[in-house]
Protein chains: 2
Amino acid sequence: MKRIEVVQNILEANESIAAQNQRLLDKHRVFAINIMSAPGAGKTSLILQTIAKLKDRLRIGVIEGDVASTLDAEKVKDEAAAVIQITTRNMSESCSLIANMIDHALMSLPLEDIDLLLIENVGNLICPSEFVLGEHKRVVISSLPEGDDKPIKYPMIFADANAVIINKIDLLPHVDFDIPAFRRAVKELNPKPEFFEVSCKTGMGIEAWCSWLFDGVESNAQKVINEGG
Amino acid sequence: MKRIEVVQNILEANESIAAQNQRLLDKHRVFAINIMSAPGAGKTSLILQTIAKLKDRLRIGVIEGDVASTLDAEKVKDEAAAVIQITTRNMSESCSLIANMIDHALMSLPLEDIDLLLIENVGNLICPSEFVLGEHKRVVISSLPEGDDKPIKYPMIFADANAVIINKIDLLPHVDFDIPAFRRAVKELNPKPEFFEVSCKTGMGIEAWCSWLFDGVESNAQKVINEGG
């Protein structure tokens, strides 16, 4: 019982800190995206492609979440307006970013100089589904070599995604992946997500994804203005 | 502090149950393997290939760990001597199998009719590294499309692996993956693992992996006999 109570307390505290984070982001008109996927599905590659496509139109900040190493932050640092690395290597918090880590990172970011904040979560299809961070949209990447059964096997992370990106579409001739079956499985969990089929290797499909992001930045800024922010 | 104590208690209780599990397995001369990987790296495919290759020489049982669904157990059930599905969908325990779940599963398995028990863990490179189950050997699968940086980014799971399987070797012409760099990164964390390069699609490399498993079954049985078990 004690254990269940502690878990409950952690989740409640997390939601409260996430709400604070979102207020701070809105105050500075920063639109934040939580990018989640299995290890190696292409989160960092998507971030690099996104910055390349949007950097002339938006000022982009990045928070890199990793269990260990600063590899991803190093890849991104010359491209983004600002990058913060969070290393979670520590048993009780290591399987996901949590709102408290983002709270600390936001203090170190020049929020007044950022329009879009891309948060790369830890590579994991389970834990990140439990912890909101204060983001405006939640994005899940599935890559073709992982197989089309991931929504059935890891339903929680797909159930509240705002967008689902099908990456490594260039590998379609070489792997078994039924795209319509994958989309149907996601829609049974969640009717709302936008789907994007992309290859972060060739750049295919990145344009449509970036248009969706750009629209999100604009409509969130307008919403904040309308609410007197 | 309360939270850290609880986590500590969970890990200690887990180790004690895992030790019990191993005693029970040894009593029945069952050699158990904990198979861990990211989602979609090929755990179920490896199990199917292993059974196909070894079923005339060994009686093989399977424990399938999943967050949700019985997809994998259904794929395996006609091939294995016995299959148990564990579905972990439940916040506080969902990101890994734990020893207590295996304890329950062992009660339902005909241990006297099993030589080799393949335990498919939940698809996750983080949580399973914290929880021993009572297994004799720990095996990590990395697949080429995930990229060769996984040992650097998820070091814990590689640090105590007895074998590392590099799967989807058939995709080598289509993805960037530096096999020697990957092996070096693993060896910096852990000098001991055996490496196997396989394709569960074509069957390449499965022979060597199965020889290693077969030798493990034989030498574990001999060890138990020598110890008077």
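## Working through a predicted two-chain model

**Exercise 1. Work out how H2(B) and H8(B) are oriented relative to each other.**

- Step 1: A pair of packed helices is described by the angle between the axes and the distance separating them.
- Step 2: read them off. Helix H2 (residues 43–54) of chain B packs against helix H8 (residues 206–226) of chain B at about 75°, and their axes are 10 Å apart.
- Step 3: look at who touches whom. From H2(B) come B:Gln49, B:Thr50, B:Lys53 and B:Leu54, and they meet B:Ile206, B:Cys210, B:Leu213 and B:Phe214 of H8(B). Sorted by type, the residues of this contact are five nonpolar, two polar and one charged.

**Exercise 2. Describe the side of chain A that touches chain B.**

Solution. 

- Step 1: count. Chain A puts 37 residues into the contact, and chain B puts in 37 residues.
- Step 2: find the elements. On the chain A side, helix H1 (2–27) and helix H5 (150–153) are the ones giving two or more residues. H1(A) has the largest share, with six residues.
- Step 3: sort by type. The chain A side has 19 nonpolar, nine polar and nine charged residues.

**Exercise 3. Decide whether chain A is as compact as a globular protein of its length.**

Solution. 

- Step 1: Chain A holds eight helices and seven strands.
- Step 2: compare. Its radius of gyration is 17 Å, close to the 17 Å from the globule rule for 229 residues, so chain A is as compact as a globular protein of that length.
- Step 3: The C-alpha trace of chain A spans about 50 × 45 × 35 Å along its principal axes.
- Step 4: check the inside. Of the 229 residues in chain A, 52% are buried. The largest nonpolar core has 142 residues, and A:Ile119, A:Ile165, B:Ile119 and B:Ile165 touch the most other members. Beyond its neighbours within four places in sequence, A:Ile119 contacts residues including A:Ala32, A:Ile63, A:Leu97 and A:Glu135.

**Exercise 4. Is A:Asp56 buried or exposed?**

Solution. 

- Step 1: locate it. A:Asp56 sits in the loop between helix H2 (43–54) and strand S2 (60–66) of chain A.
- Step 2: count neighbours. A residue with 12 or fewer counts as exposed; A:Asp56 has 6 C-beta neighbours inside 10 Å, so it is exposed.
- Step 3: A:Asp66 is 10 residues away along the chain, and the two C-alpha atoms of A:Asp56 and A:Asp66 are separated by 28 Å.

Technical notes:
Residues are numbered from 1 along each chain as its sequence is written. Chains are lettered from A and ligands numbered from 1 in the order in which they are written. This is a predicted model: local features need pLDDT of at least 70, side-chain atom pairs count only at pLDDT 80 or more; totals for chains, interfaces and linings use all residues. Two residues are in contact if their C-beta atoms, placed from the backbone, lie within 7 Å. Helices (H or I, at least four residues) and strands (E, at least two) are DSSP runs, numbered from the N terminus. Ala, Val, Leu, Ile, Met, Phe, Trp, Tyr, Cys and Pro count as nonpolar, Asp, Glu, Lys and Arg as charged, and the others, Gly among them, as polar. Axes are lines fitted to C-alpha atoms, for helices over the stretch in contact, and angles run from 0 to 180 degrees between N-to-C directions. Angles under 35 degrees count as roughly parallel, over 145 as roughly antiparallel, 65 to 115 as roughly perpendicular and the rest as oblique. A nonpolar core is a set of buried Ala, Val, Leu, Ile, Met, Phe, Trp, Tyr and Cys residues joined through C-beta atoms within 7 Å. A residue is buried if 20 or more other C-beta atoms lie within 10 Å of its own, exposed if 12 or fewer, and partly exposed in between; C-beta atoms are placed from the backbone. The radius of gyration is taken over C-alpha atoms; the globule rule is 2.2 Å times the number of residues to the power 0.38.
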